[in-house]
Amino acid sequence: MATKQSAALERKKFMADPIMVTTIVVLIAFLTLFILYPLAILLVDSFLTDKGPSLDVFKRVMALPDFQAAITNTLKVGFLVSIVSALVGLLFAYVEEYVQLKSKFMSGLFKVVSILPVVSPPFVLSLSMILLFGKAGLITRFLLGIKDNNVYGYWGIFIVQTLTFFPVCYMMLKGLLKNIDPSLEEAARDMGASRWKVFTSVTLPLILPGLGNAFLVTFIESIADFANPMIIGGSYNTLATTIYLQITGAYDKQGASAMAVVLLCITLLMFIVQKYVLEAKSTSTLTGKASRARMLITDKSVRTPLTIVCAVISLFVIVMYVSVIFGSLFRTWGRDYSLTLRWYQMVFSKYHGIEAFRDSFLLSLLASPITALFSMIISYLVVKKNFHGKAFIETVSMLAMAVPGTVLGVGYIRGFATGIFGSGVLQGLYGSAAILVIVFIVRSLPTGTRSGISALRQIDKSIEESAYDMGANSFQVFMTVTLPLIKDSFLSGLVTTFVRSITAISAIILLVTPQFFLITVQINEFAGKGEYGTACAFSTILIVITYAAVMLMNFFIKRFGTSTATSTSKE
């Protein structure tokens, strides 16, 4: 009875705070309008015909040979990429947490390679594959003398996506391996078990839910990927590229909507399993931190082969990235390897380079603080407050993680160009800078929110309660107490949004209009036309921008980060 009265009193006090109520209303309106509404329009559009509700559009689309091939290709690539990415990610995480490496250089190299694809444009590795292994490839044609090697298609997509997504698995599995209590494995070793037996009977069962979690996250990323299949897929179309071609080539928006719904159903199903089944199992299997430091493996029989495999993969990734830089400096790749700045000159003098970098930079810069602030507000409401609509805000804000960019792009076209807002209040939104900024915000919101929730759960509730007791309102408490304590997550969200926005392609390629020049769209265009020197020049400058942003973030976090004395963790 006392608990109910306390909860009722808390809700009454909560509803009496106009700033908090207004914030919640604005958030619900934003999430409904820019996440739920476009997806709802897709569903309506794919079911509603001139004769009323019908499955005719789905029947027509599913009968198309292109769609049948695309969905088969998508699932084949997705499953293989997910399996191999999870295994490679596990290898790198295991070596970092369990193996005593001989040199700090090797350890640093593995860490850099594990993070490199995460903060790079998504299509850089596709360009590298073409430059190194294509018909004019440096390795295939120049070194091996193979003149007609075809890098496009299934294997090209598989290699590029694996190298792109294995770092995601690495970051997920590294934390799980770190939290395993060493005494469990050492007890098995003391009983005479081999290293392999300990790994298969103790370590692997403990991280199996996390491994499944990594598999599903990678599967969602793989089947939703647009950039890599578009550049290196050739005639091997996936569902994401087929949806794009259905709009831009066949001008069949209703058919594209039906295809988008199919892709969305697949990713949503995987997201539900990953979020509510495997993630929960992974959390309950490993709780807390390891009780003491782990004794690292020094046996040559284990250390040498694992180090060699990681070194080979690392070297391959480094060569891939270096080739893009040289691709922007060579006069004609495959024929004339003399150095030149011609491609950079053409980028800025002929191909709207200044406009592309200006538009991409400004739009991404505008989206970053808004996303970071929204993420922290949502995290604060989810962790610290109890109100009707809390579950809605949490679920919908995380839902964007499961929505492929191409699907979201189609939803925005149908929702804001030809939907109920096509000639209404938001008529001017489609084709404007605002729609691009909103897409950037929606795409990055889940990442920032997850980071904020993790940070807020470490802060003792009494710190904020003392501020309330001294007469501060919710806005003052959030700005002066909560936000300073989680500024690491805020800065991280700021830079993550900037990097994700400036390298985005899948959603914006359907929404960008000729008045805007975006770097990623330019790279896609020139790579599609075979002008690899120009595409490499754009990509190299983009890599420099993204890495400068990440280094700047690291500097600020080290210089102005939260100190352990400031934030109080709950025991």
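Here is a short tour of this predicted model, stop by stop.

Residues are numbered from 1 along each chain as its sequence is written. In this predicted model, local features need pLDDT of at least 70 and side-chain atom pairs count only at pLDDT 80 or more, while totals for chains, interfaces and linings use all residues; side-chain values use heavy atoms, without hydrogens and water.

**The core.** Select Tyr 412, Leu 436, Val 442 and Phe 538, the residues with the most contacts inside the largest nonpolar core, which has 178 residues. Such a core joins buried (under 20% relative accessible area, 1.4 Å probe, protein chains only) Ala, Val, Leu, Ile, Met, Phe, Trp, Tyr and Cys residues through side-chain atoms within 4.5 Å. Next, colour helix α4 (residues 65-98), the source of its largest share, 14 residues. Helices here are DSSP runs of H or I, at least four residues, numbered from the N terminus.

**Salt bridges.** The whole structure has 6 salt bridges, each a side-chain nitrogen of Lys or Arg within 4 Å of a carboxyl oxygen of Asp or Glu. Pick Arg 60 and Asp 252, whose closest N and O atoms are 2.9 Å apart. This pair links distant parts of the chain, with Arg 60 in helix α3 and Asp 252 in the loop between α12 and α13, 192 residues apart. Asp 252 is buried at 14% relative accessibility.

Now move to Lys 174 and Glu 96, a salt bridge at 3.1 Å, N to O. Lys 174 sits in helix α8 and Glu 96 in helix α4, so the pair ties together parts 78 residues apart in sequence.

Methods: Buried means under 20% relative accessible area, exposed over 50%, partly exposed in between (1.4 Å probe, protein chains only). Helices (H or I, at least four residues) and strands (E, at least two) are DSSP runs, numbered from the N terminus.
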